[in-house]
Amino acid sequence: MKKQYWPGVILIIIGAVILLYQIDLIDLSAADVISYGFVFIGALLLISSLNRRDKKGLLGGVFFTVFGTSMILMREYILPRDDEFGFAAFFIALAIGNIAYLPFKKEKTNNIIWACIFGALGAILLWVYYGYYPSWYIYDQLATYWPVLLIVLGGAMLVKGLVHKRNNEEVEVQVK
């Protein structure tokens, strides 16, 4: 399998395992596997992005590193250990990732929009955690099915890689 497909495959696997855990089909007794796995994947993505001119992988690297670290800090009781706080950390990590990638993109509008959306969702969940807003019914649904986002993101990365490969093959055929 080509190197460009691995990030998508890794996200699909991680999302599927977490989803199976969330819906009680498998029992993960070691949360360390997930949190340290996120930090490890984030570090790999960060290292690979530093070697690229376009810094591709930086957003994912920052996200996985920040979110994995926050999960570790929650387990160690340094940060509050609560689902609402964990979901807030998830969205805030996405916002930080988009902000970190911003200087390296020509088209910055998408990253600014996503950083604002994820930052707002993270802030709302923090407000829920601190009691400024009551919990919603949708919170229970999000608590169970948020790994679907990882699966969709991984699938999108795979499709994008396949489309990119097909476009490159078409260009090569036209050149010959």
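Reading burial and ring pairs

Tutor: Phe 91 and Phe 118 are both buried. Buried means under 20% relative accessible area, exposed over 50%, partly exposed in between (1.4 Å probe, protein chains only). This is a predicted model: local features need pLDDT of at least 70, side-chain atom pairs count only at pLDDT 80 or more, and totals for chains, interfaces and linings use all residues. Residues are numbered from 1 along each chain as its sequence is written, and side-chain values use heavy atoms, without hydrogens and water.

Student: How are the planes of Phe 91 and Phe 118 arranged, stacked or edge-to-face?

Tutor: Rings of Phe, Tyr and Trp (its six-membered ring) pair if their centres lie within 6.5 Å; planes under 30 degrees apart count as stacked, over 60 as edge-to-face and the rest as tilted. The structure holds 14 aromatic pairs. In the Phe 91 and Phe 118 pair, the centres are 6.2 Å apart and the planes at 20°, so it is stacked. Phe 91 sits in helix α4 and Phe 118 in helix α5 (residues 109-129), 27 residues apart. Helices are DSSP runs (H or I, at least four residues), numbered from the N terminus.

Student: How are Tyr 129 and Tyr 130 arranged?

Tutor: Their ring centres are 4.7 Å apart and the planes at 75°, so this pair is edge-to-face. Tyr 129 is partly exposed at 26% relative accessibility. Tyr 130 is exposed at 52%.

Student: Which residues is Asn 98 in contact with, leaving aside neighbours within four places in sequence?

Tutor: Contact means heavy atoms within 4.5 Å. For Asn 98 the list is Leu 59, Asn 111, Trp 114, Ala 115 and Phe 118. Asn 98 lies in helix α4 (residues 83-101) and is buried at 6%.

Definitions and conventions: Helix = DSSP H or I, 4+ residues; strand = E, 2+ residues; numbered from the N terminus.
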